[in-house]
Amino acid sequence: MTNEDIDHLATMLKARSGLILGSDKTYLIESRLAPVARREGFASVSALLASLRTKRDEKLMTVVTDAMTTNETFFFRDKVPFDQFKSDVLPALSKTRMNGDIKIWCAACSTGQEPYSLAMLMDEARIQFPRVNLDILATDISDRCLEKAQSGLYTQFEVQRGLPITMMVKNFEKVDEMWRISPKLRQSIRFKKVNLLDDLRMVGRQDVIYCRNVLIYFDLETKKKVLEQMATLLADDGYLFLGAAETVLGITDVFKPMQGMRGLYVKNQVAQSTPLRKLA
Amino acid sequence: MKTCLVVDDSRVIRKVARRILENLQFEVIEANDGLEALNSCKEKMPSAILLDWNMPVMDGITFLRQLRKEDGGKAPVVVFCTTENDLAHITEALTEGASEYIMKPFDGEILEAKFSEVGLI
């Protein structure tokens, strides 16, 4: 593949998904796009990239972007963000949301394990919080991921990553060699295609936002833009969960970390009321 | 150091499990079937048992029922590790006192996650 082709791919990926393709990513491109090249009838990845550059085929651009974005996820990934939700976020919000509705947005839900984990967790906590109703919106940029998330079908390998066996028995049924999550849980989540680079106002007001392991793929300016849009959507007493290796520090002051709660952020009310922030 | 008894009639599986468990700082003991495992437990109860279902002489579920009747036999944390992957088998294992259930094929990541789930690591 030529440098010109790689540069074009990098530009396209940044524009379409925010993904920053670092230098020396030949191996990543080759391994992610070889299956796409095969499927789409190209002789090689180089041929695919050349076509991408000269033809500007919308469908091809979508499948290539899809394949280049990382969709790694599993049930109850990192555990801590779910423990914190149960021990701190849920008790706090259940006191202030009089009608019991708590709106949660999984901003990059990939194949659905994160929203389903939250739904299962809520099911377990039902006795403690009988009035609470989680309204979960799960979005992703990838059609392929959303389709899988909506089907609720997981491989044996996937249901064994992070999911306690008792929860699996309770919430899944075996369908041939796959496991399908219960219709009740599937119907409790709204899945929607959302690109975080777009205007996010249509997402609507949220009480909790999970945006884990997404910002690491963006450049500073994009991270800032996404976080600031999220701050406008989040209720003043809402919560933002980022990935374990992510932070808002040095990016924006619209959020501040919660003391002693790794990965958990709240809105910085002082910064919120400073209109000059918008000019920065 | 915690001990884990690996019960499986496949030498290859025992070897794979041993390598993973030793990396997780377990002392590993092996048994080829349920009866061997029961004798080993009567001598000294391990902290954990990784247990296959289908084995000659005595199968995993029979071993588990016998184990729970022994003196101190309620203590070991039992994790099934078997090709039986239907809800009926899983439910039966949990009813008889298994804490977790691994469906073969498995890898180090799954074993570690399951052991962590039940507080062994």
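This is a short tour of a predicted model, stop by stop.

Local features need pLDDT of at least 70 and side-chain atom pairs count only at pLDDT 80 or more, while totals for chains, interfaces and linings use all residues. Residues are numbered from 1 along each chain as its sequence is written, and chains are lettered from A and ligands numbered from 1 in the order in which they are written.

**Stop 1: the domains of chain A**

Colour residues 3–68 of chain A as domain 1 and 80–267 as domain 2. These bounds come from an automatic or database domain assignment. The C-alpha centres of domain 1 and domain 2 of chain A lie 29 Å apart. Where they touch, domain 1 of chain A supplies 5 residues and domain 2 of chain A supplies 11. Contact here requires C-beta atoms, placed from the backbone, to lie within 7 Å. The domain 1 side has 2 nonpolar, 2 polar and 1 charged residues. Ala, Val, Leu, Ile, Met, Phe, Trp, Tyr, Cys and Pro count as nonpolar, Asp, Glu, Lys and Arg as charged, and the others, Gly among them, as polar.

**Stop 2: two crossing helices**

Select helix α1 (3–17) and helix α4 (58–68) of chain A; their axes come within 10 Å and cross at roughly 85 degrees. That makes α1(A) roughly perpendicular to α4(A) (the class for 65 to 115 degrees). Axes are lines fitted to C-alpha atoms, for helices over the stretch in contact, and angles run from 0 to 180 degrees between N-to-C directions. Helices (H or I, at least four residues) and strands (E, at least two) are DSSP runs, numbered from the N terminus. Show A:Met12, A:Leu13, A:Arg16 and A:Ser17 on α1(A), then A:Met61, A:Thr65 and A:Met68 on α4(A); these make the contact.

**Stop 3: where chain A meets chain B**

Chain A gives 9 residues to this contact and chain B gives 13. On the chain A side, helix α9 (165–171) brings the largest share, 3 residues.

**Stop 4: the sheet of chain B**

Now display the open, parallel sheet of 5 strands in chain B, ordered β2-β1-β3-β4-β5. Strands β2 (26–31) and β5 (100–103) of chain B are at the edges with a single partner strand each, so one side of each has no neighbour in the sheet. Twist averages 20 degrees from one strand to the next.

Pick β1 (2–7) and β2 of chain B: they pair in parallel over 6 bridges (pairing takes at least two DSSP bridges). B:Thr3 has B:Glu27 as its bridge partner in β2(B). Follow the chain from β1(B) through helix α1 (11–23) of chain B to β2(B): this β-α-β crossover is right-handed. Right-handed means that, with the strands pointing away from the viewer, the path from the first strand over the helix to the second runs clockwise.

Finish at β3 (48–51) and β4 (77–82) of chain B, parallel over 4 bridges. There B:Leu50 stands opposite B:Val79.

Technical notes: Parallel < 35°, antiparallel > 145°, perpendicular 65-115°, else oblique. Contact = placed C-beta atoms within 7 Å.
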